Amino acid sequence: MTSPDMASPDVTQITPLPLRGLTTLRTGAAPERMREASTTAELISALHSVWKTHDEWFVLGGGSNLFAGDEPFDGTVVRILTSGIEELPSPHEGRVRLRVQAGHSWDDLVAYAVERGYAGVEAMSGIPGTVGAAPVQNVGAYGQEIQETLVEVEMIDEGADAPVVVPAAELELGFRTSVLKHHYGEAQGRRAVILSVTLDLAVTGDAGRVIRGEQLRRALGLEDFEPVPLDWVRTRILQTRAAKGMLLDGSDPDTFSAGSFFQNAIVPERIARGLPPECPRWPVEPDLDTVTVIPLETYAGLTPRAGRPEGLVKVSAAWLIENSGIRKGFRLPRSRAGVSTKHALALTNRGEATAGELGELARFIQSRVHAEFGLLLQPEPVLVGVEL
């Protein structure tokens, strides 16, 4: 029998690294404690060790959607470094399923799918980060979202002994959100860690596919409905993202960001009608499964006719920012944080900027948009140790 003194060391525990070196926004001190996991077994073990101590914690993948503060996080950061893609049969003809480990690079997954003629994620080429983070914020680009192809996730709830497989329908996926996402100022609906993700993709091979989404067609400059090859779509999307500073490039400070810092605003139609007509906007699909609840004590045997629910509209946060007087490349005096010179939605670290400097810029932009249009833009990244 092995004595406690001779027990194997915890291989997941490492000397904490500064978060500014692990995040694309390049902010954040080293946390008090850090663990790394390269396999699912190591990840579960690391989480169990943290939960046993009741320590504060969060998981870190690619660090592309995290805005970390200047003070050390008083808890444990668990880095997810797992990878791997497994092909599975789909119950639907002409489709294939991919089960992907949470720490796998999202763009590497897209490249894998495109190379094999698997359609459904090509418009999301170039999005930084890991596969496990994708369902948490329901990633999307140019009208394509992961919820369109997501089948299920394997995850482990905080404090649970074993993982569970959860269908996509139970994740409450919405615009850049899910039950798993930590929203600024709100607690998560379900505190859990994704271990793997399963997608169901169409097998198009070399035939390509017809692009019908308006946003994607506009981004690709398509005027007809002829099928286009997936690799052509991927190349064009990568070029578009690079032109906006949305592809990581160590020589380009415009890419030292968390991507779009603010979410496009979702507002009722009546609010959208009050905005200038030139403000870009897109209708949001209505919830067709809305249930009318009638208190029993007021029920008289008749069900009231359901009124037409007011539609929601997504409006361009980038347009709101630029038309509130904040131009590309804007900086506050003596600040090392700035708006990207290529895209008004990205706040960038222009050189050793602190989280305080980036937070000051974000608050200034929020105040300008609110003063001009009456809308309060919400941050898209997860904020740790930062207040806006």
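At what angle do helix α2 (residues 106–115) and helix α4 (residues 230–243) pack, and how far apart are their axes? The first legend answers this, after two notes that apply to every view.

The model is predicted: local features need pLDDT of at least 70, side-chain atom pairs count only at pLDDT 80 or more, and totals for chains, interfaces and linings use all residues. Residues are numbered from 1 along each chain as its sequence is written, and side-chain values use heavy atoms, with hydrogens and water left out.

**View A. Packing of helices α2 and α4.** The angle between α2 and α4 is about 150°, and their axes lie 9 Å apart. Axes are lines fitted to C-alpha atoms, for helices over the stretch in contact, and angles run from 0 to 180 degrees between N-to-C directions. Helices (H or I, at least four residues) and strands (E, at least two) are DSSP runs, numbered from the N terminus. The two helices α2 and α4 are therefore roughly antiparallel; angles under 35 degrees count as roughly parallel, over 145 as roughly antiparallel, 65 to 115 as roughly perpendicular and the rest as oblique. From α2, Asp107, Val110, Ala111 and Val114 meet Leu230, Asp231, Arg234 and Leu238 of α4, where contact means heavy atoms within 4.5 Å. By class, the residues of this contact comprise 5 nonpolar, no polar and 3 charged (Ala, Val, Leu, Ile, Met, Phe, Trp, Tyr, Cys and Pro count as nonpolar, Asp, Glu, Lys and Arg as charged, and the others, Gly among them, as polar).

**View B. The open sheet β14-β16-β15.** Three strands form this open sheet, in the order β14-β16-β15, with antiparallel pairing; two strands pair if DSSP finds at least two bridges between them. β14 (265–268) and β15 (281–284) stand at the edges with a single partner strand each, so one side of each has no neighbour in the sheet. On average, neighbouring strands of this sheet are turned by 35° against each other, direction ignored. Strand β16 (residues 312–315) is joined to β14 by 4 bridges, and Lys314 in β16 is the bridge partner of Ile266.

**View C. The open sheet β1-β2-β5-β3.** This sheet of 4 strands has mixed pairing. Its edge strands, β1 (13–14) and β3 (57–60), each pair on one side only. Strands β2 (residues 33–37) and β5 (residues 76–80) are parallel and share 5 bridges, with Arg35 opposite Val78 in β5.

**View D. Two hairpins.** Strands β6 (residues 85–89) and β7 (residues 95–101) run antiparallel, joined by 5 bridges, and Leu88 stands opposite Arg97 in β7. This hairpin has 5 residues between its strands, and Gly94 takes a positive phi near 75°. Strands β11 (residues 150–157) and β12 (residues 164–167) are also antiparallel, with 4 bridges; Glu152 faces Pro167 in β12. Here 6 residues lie between the strands, and Gly159 takes a positive phi near 85°.
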